[in-house]
Amino acid sequence: MKRLASLLAVLLMLSMVGWTTFSVWHLKPPTKHDVFPGTGTWAQATLDSLTLEQKVAQLFSARAYSTFRNNADVPSYEDLQDLVTNFGIGGLTFFQGDSYSQARLLNDLQAQAAVPLLVAQDMEWGAGMRLNDATSFPRAMAVGATRDTAYAYAIGHATAQEARAVGVHHIFAPVADVNNNPFNPIINVRSFGEEPDLVASMVTSFIRGAQDGGVLATAKHFPGHGDTATDSHADLPVLQHSRARLDSLELIPFRRAIDAGVMSVMTAHLAFPLVEPDLSIPASLSAKVTQEMLRDDLGFEGLIVTDALDMQAVTAHFEPGELAVRALKAGADMLLLSEDPYAARDAILAAIEQGELTEERIDASVLKILKAKDWAGLHEERQVAPFTTQQVVASAEHRALSTTIARDALTLLRNEALVLPLAQPGRILTTVLSDNNSARTGRPFTEMLTRFVEADTTVVLGRRARTADYAEAYAEASRAEVIVVPIFLRVRSGSSSIGLPDRQKKFVEDLIATGKPVVVVSFGNPYLVLDLSEQPSAYVAAYGSDNALQEAAAQALFGAGRFQSTLPVSIPNVYAAGEGLTLAQSRLRYGYPSEAGLNPVMVQRIDSLMEAAMDDHAFPGAAVAIGRGDVLALLEGYGHYTYDSARLVSPRSRFDVASLTKVVATTTALMQLYEGGHLNLDAEVARYLPAFAPHGKEKLTVRDLLTHTSGLPAWRPFYQEGILTREAVIDSIMSVRPQFAVGSRAQYSDFNMITLALLVEQISGQDFATYVTTRIFEPLGMRNTGFLAVGAPDSTVVPTENDTYFRNRLIQGEVHDETAWLLGGVAGHAGLFTTAEDLATFAYMLTNDGSIYGATFLKPETIRLFTTAVDADHHTRALGWDTKNPEGYSSAGQYFGMRSFGHTGFTGTSLWIDPDQKLFVILLTNRVYPTRNNRKLTPIRPALADIAYESIQDPEQPLTAR
């Protein structure tokens with residue numbers, strides 16, 4: 001089911017981004033004998049038009065950066081311009097920068113090039129690997145942990161789309177290395193894993209996705225860089241592997257890649273003395289490896305690219321000219337990042353003149369490069385349209401895909417005493433351990449944590465942290481109930497060690513020794529626990545540190561995500577490949593609309609609706625929450641506290657929700673008492689509250705009050721009648737006379753719910769505020785929900801009305817409803833303050849059949865009983881809840897189903913739930929500011945509900961866990 005659900009999600013994503021974005025490149029699948037299918041005569045004609053010197057120049061690809069500069073004054077631009085216009089270089093390989101600058105620069109350079117440039121870039125985990133504003137996907141090892149090849153395909157395809165949108169045609173990905181050495185200092189999480197078949201499956205899927213998307217994919221680093229403890233950027237690694245060993249392990253992914261039609265293979269700077277006896281000759285310069293093994297034995301007919309020719313593994317032994325000649329003699333086609341292209345070209349020309357190389361040999365490689373350009377469509381169009389960059393790079397669909405994969409990639413390897421999920425953990429210490437000096441390391445992780453816990457202390461210990469900093473962090477640990485240790489240890493070129501530094505290792509071991517629950521999350525090297533003498537209470541491998549993984553990990557720790565992946569490598573003497581614990585999602589998680597089967601355009605439509613409403617002065621500020629299934633697809637604040645306030649509304653801004661109190665607090669409390677056998681819905685109210693009996697109310701039942709068929713008045717302006725104390729108000733309600741016969745019709749009444757709150761107090765033995773706080777809000781984790789005392793204004797709360805008739809002040813931080821105010825701020829009909837975020841948790845519990853945090857909060861049958869209309873032929877009332885009006889106006893809009901239930905609040909709030917779609921829509925506003933004489937909200941509520949429902953991409957398809 002997991003694999004099927006993942007595949008469906010990917011196919012849905014791809015259908016949204018559009019399979020035909022680059023339809024000109026969607027050609028028939030290549031075969032061994034047709035590596036660049038669909039190419040015509042342009043490549044041969046262009047080759048025939050070039051001089052020998054121009055042909056040789058086509059073999060080179062030079063380093064470039066896309067960071068914006070004033071071109072006229074920057075030597076690096078002049079150097080590139082020289083290589084393009086004077087040297088006639090065949091291609092460029094871009095490194096760090098940003099998307100728009102790169103597209104702009106390439107359009108400039110392509111216009112100056114006599115022959116179109118073949119532009120390459122490392123994009124192993126998406127365009128975000130090099131471009132700071134593009135999409136970063138989880139590292140290959142994270143994808144390997146999912147065991148889902150559909151994800152590899154989707155990443156390849158999305159990466160290709162973004163590559164083409166920034167002018168790139170050739171990506172140096174995927175990594176086909178089998179990482180079977182835990183001490184590998186350069187590959188590590190760049191590999192899909194240590195199992196050759198797993199790596200091969202992922203590699204071939206990525207290749208198909210990338211090449212279907214319109215770029216040349218590159219399998220690297222041939223014949224395999226996974227079993228080395230030396231960084232080839234710094235020195236030449238030597239692998240004592242026989243050809244038989246290579247065939248049985250390292251070459252398996254490369255063979256499969258070639259069978260899948262990969263267009264490009266990158267050779268590695270590695271020495272294989274059992275294949276190439278000369279230890280100074282790496283695979284990239286060895287004919288035995290490049291020509292005989294790759295070309296002849298494996299039958300690869302595509303483009304062979306050397307690894308960078310400026311790496312010390314080769315520059316320590318050869319000058320640029322000799323390097324270029326040796327690479328061509330070995331069988332390479334493209335010479336990548338020569339330290340001196342001019343000197344290298346001269347050396348090649350000299351070698352041809354001396355008979356060491358032939359022009360025919362040069363022609364063969366140049367023709368492949370030109371065919372690659374032909375296949376990429378460069379002979380027809382070499383420019384990038386600016387709007388393409390804007391539409392494609394870091395699109396919502398690509399970011400959602402990254403998030404989906406990140407959620408499924410997290411591997412839970414240890415969970416002693418079931419420390420996870422951290423449902424109600426108390427005080428948490430988060431100690432970020434980092435291999436860099438940035439104080440912002442781990443910020444996406446720690447910011448997401450704060451959505452789940454208030455009592456949280458964060459300490460960042462980077463490379464330059466002092467002994468005193470560690471001592472202070474350890475002292476904080478003594479005050480914490482749970483210690484979370486996210487470790488950002490990234491294996492990269494130039495690392496002196498791939499393990500935890502001694503000081504950080506000792507610190508983690510000291511934390512574990514406290515005996516408190518310690519949760520370690522590795523945002524990088526999963527092997528780091530090899531260093532620890534004792535293992536933490538819980539260990540999570542995330543395999544990378546991109547934002548999607550950090551946020552997914554933080555959510556998963558609290559049950560707002562799942563753990564289901566398995567380790568794609570072995571961690572010797574600690575964890576075996578294939579290990580991984582399963583932990584289901586148990587609460588609402590933050591996600592993208594597409595993850596909930598909603599069209600992402602929904603967000604823009606709601607933004608426009610809210611902006612238009614505020615422009616029309618329907619309200620100064622609002623918060624909206626929309627969820628479907630287990631995903632909170634939209635949580636956003638709009639506008640300001642007042643029309644002249646600078647304070648912005650956020651999803652955590654507390655609103656006076658008025659009559660939503662009736663369902664969120666009072667009705668929920670009654671549901672609990674009913675389930676516990678403490679409340680009989682058909683019992684007379686006077687049985688619980690004898691004072692309620694007078695004046696013909698002795699036969700009124702709890703059900704009559706809940707359905708608003710009791711005949712009691714809707715409300716009374718007690719403050720105008722001189723009834724100004726809690727006791728006097730309650731006495732008045734107890735002695736009130738019904739206005740019509742019970743059950744004859746439904747009339748919405750505050751008195752019903754005020755009375756029912758008193759009933760809750762009588763049955764429970766607790767005051768109403770204490771009951772709902774301890775039995776509802778705290779168990780649900782609704783940290784910002786509750787009643788507020790009157791007479792104590794709070795400027796952090798969104799204000800309601802500027803009261804000029806009773807309290808004569810701006811009402812802020814105390815209840816707007818006059819009767820609730822007279823009751824001390826605590827009542828069954830109004831008085832509750834909450835946030836859109838908290839209400840989303842409440843709504844999720846109801847759409848999830850009453851389950852949350854792995855337990856049953858309310859029984860499904862209880863929810864159905866209280867939310868089903870009791871007399872649909874005559875009114876819409878359920879038990880406490882309202883249901884959708886089948887005719888005429890409904891604040892639930894046109895499309896919510898007939899089993900939908902919800903409620904509204906006088907201050908400008910509403911909550912609607914469609915149980916069949918598992919959809920909820922929450923709107924909180926202060927439409928009564930500055931005055932209640934404002935009816936402009938009336939069309940906004942149904943419009944919001946309609947946008948949410950219309951965004952469901954397939955209403956007929958049952959929603960399953962995603």
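**Notebook: helices, a sheet and one glutamate**

I began with helix α21 (residues 547-557), which is mostly covered, since nine of its eleven residues are buried. Buried here means under 20% relative accessible area, with exposed being over 50% and partly exposed in between (1.4 Å probe, protein chains only). Helices (H or I, at least four residues) and strands (E, at least two) are DSSP runs, numbered from the N terminus.

I noted that this is a predicted model, in which local features need pLDDT of at least 70, side-chain atom pairs count only at pLDDT 80 or more, and totals for chains, interfaces and linings use all residues. Residues are numbered from 1 along each chain as its sequence is written, and side-chain values use heavy atoms, with hydrogens and water left out.

I then listed the buried residues of α21, among them A548, L549, Q550 and L557. I looked up what covers them, and the cover includes α17 (396-409), α18 (443-449) and β12 (482-488). Just after α21, I found that G559 takes a positive phi of about 85°.

Next I turned to helix α22 (residues 601-615), whose 15 residues should span 21 Å at 1.5 Å a residue, and its end C-alpha atoms are 21 Å apart, which agrees. The expected span is 1.5 Å times one less than the number of residues. Its buried residues are M602, I606, L609, M610, A613 and M614. Seen down the axis of α22, these fall within an arc of 125°, so they line one face of the helix; the arc is that of the directions from the helix axis to the C-beta atoms. I recalled that an α-helix has 3.6 residues a turn, so residues three or four places apart point the same way. The buried residues of α22 pack against β16 (621-628), β17 (631-639), β28 (919-925) and α32 (940-950), where contact means heavy atoms within 4.5 Å.

I also traced an open sheet of five strands, in the order β4-β3-β2-β1-β8 with parallel pairing. Its edge strands are β4 (170-171) and β8 (335-336), each of which pairs on one side only; two strands pair if DSSP finds at least two bridges between them. Strand β1 (residues 60-64) and β8 pair in the parallel sense over two bridges, and F60 stands opposite L335 in β8.

Last, I looked up E476, which is found in helix α19 (residues 467-477) and is buried, with a relative accessible area of 16%. Leaving aside residues up to four places away in sequence, E476 touches R427, L429 and T457.
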